[in-house]
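Biologist: I have not looked at this one before. Can you take me through the structure?
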Amino acid sequence: MTTADLHTLTGAYALHALPDDERAAFERHLAECPACRDETAELTATAARLGLAASAVPRPGLRDEVLRRITTVRQESPGTVRTGRPARGRRWQRASRWALAACVAVAAALGGTAVWQHQRAQDANEQARRAEQNNDRIAAVLSAPDARTASAKLAGGASGTVVVSGSQDRAVFLASGMAHPPRGKVYQLWFDDAGTMRSAGLMDSARTDQAVLLDGGVDGASGMGITVEPAGGSAHPTSAPVALMKFPA
Ligand SMILES: [Zn+2]
């Protein structure tokens, strides 16, 4: 088995779908290939998170199915991305990792028998896909040629940065070190339309550091605000803002 072949076995290995001799060969390869080590760790975690690897007893033919699916998404080996610009390479690698993780989940679901397990894998893939889309949109705003940034100190030692792109008509709020909202409450973001607050979505209450793409277009808003609202959010602010930030000119 060539090294190029070994690079493609991360998914099957994470699923315990390799026969003994190939597993041994792959484990030797892992010792000298950091890219495969990283990918295997990530795929194993994905499979574990989906509760798949442990319960999926590979049925005959599963391994071939896994390998077929993985080789269709995996056109290049890790560490040999040939595109000239590093940013594109990273992007490709990330997309490929997701595709590979999705394949692992699908293949594991094929090996399992329970319908709920398949459904769970699909839900997880859907979530992963949405998260990926959201991250792409955030990245697009942050890397827009006309992106403008303003930062502010927030209550309790937290800091906030807002990035606005006029060409994309979108804004991203980056929070760092924000205290969790009180129990049963959420942080809600608002666009400031000349004093009228327009809902721009909710922050993730579980995270103190996060990047949030504000819901909706900037549409001439002069700034943004954050309020504490009941779970699910409010149509209009029901409390004094914990932060107000002017958008950069
Ligand atoms: Zn490798």
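Biologist: Is W190 buried or exposed?
Modeller: In this predicted model, W190 counts as buried because its relative accessibility is 0%, and buried means under 20%.
Biologist: Which strand is W190 in?
Modeller: W190 belongs to strand β4.
Biologist: What does the side chain of W190 make a polar contact with?
Modeller: The side chain of T227, at 2.7 Å. The W190 side chain also reaches the backbone oxygen of Q188, at 3.4 Å.
Biologist: And how far apart are the C-alpha atoms of W190 and G223?
Modeller: They are separated by 8.5 Å, while the two residues are 33 residues apart along the chain.
Biologist: You mentioned Q188. Where is that one?
Modeller: Q188 is placed in strand β4. With 2% relative accessibility, Q188 counts as buried.
Biologist: Which side chain does the Q188 side chain make a polar contact with?
Modeller: That of S199, with 2.8 Å between them. If you leave aside neighbours within four places in sequence, Q188 is in contact with residues including S199, G201, L202, G225, I226 and T227. E229, G233 and S234 are also among the contacts of Q188.
Biologist: Switching to the metal. What are the protein donors of the zinc ion?
Modeller: H7 through ND1, H29 through NE2, and C33 and C36 through SG. These donors lie 2.0 to 2.3 Å from the zinc ion.
Biologist: Why is the arrangement around the zinc ion called tetrahedral?
Modeller: Because the 4 donor atoms subtend angles of 106 to 117°, and four donors count as tetrahedral if all angles lie between 85 and 135 degrees.
Biologist: What spacing do the donors follow along the chain?
Modeller: The spacing is H-x21-H-x3-C-x2-C. The pair H7 and C36 links distant parts of the chain, 29 residues apart. H7 sits in helix α1 (residues 3-7), and C36 sits in helix α4 (residues 34-49).
Biologist: Are H7 and C36 buried or exposed?
Modeller: H7 is buried, with a relative accessible area of 10%. C36 is buried as well, and its relative accessible area is 0%.
Biologist: Now the backbone. What is the phi of D169?
Modeller: D169 has a positive phi of about 55°, although D169 is not a glycine. D169 is in the loop between β2 (159-165) and β3 (170-176). With a relative accessible area of 31%, D169 is partly exposed.
Biologist: And the phi of A194?
Modeller: Near 50°, again a positive value in a residue other than glycine. A194 lies in the loop between β4 (185-193) and β5 (196-202).
Biologist: Buried or exposed, A194?
Modeller: A194 is exposed, with a relative accessible area of 78%.
Biologist: Last topic, confidence. What pLDDT does the protein average?
Modeller: The average is 74, and 65% of the residues score at least 70.

Note on methods:
Residues numbered from 1 in each chain as written. Predicted model: local features only at pLDDT ≥ 70, side-chain atom pairs only at ≥ 80, totals over all residues. Heavy atoms only, no water. Helix = DSSP H or I, 4+ residues; strand = E, 2+ residues; numbered from the N terminus. Buried < 20%, exposed > 50% of the residue type's maximum accessible area, 1.4 Å probe, protein only. Donors = N, O, S within 2.8 Å, 3.2 Å for Na, K, Ca; no water. Tetrahedral: all angles 85-135°; square planar, octahedral: opposite > 155°, others 65-115°. Polar contact = N/O pair within 3.5 Å; in protein donor to acceptor, adjacent residues only side chain to side chain. Contact = heavy atoms within 4.5 Å. pLDDT = per-residue confidence, 0-100.
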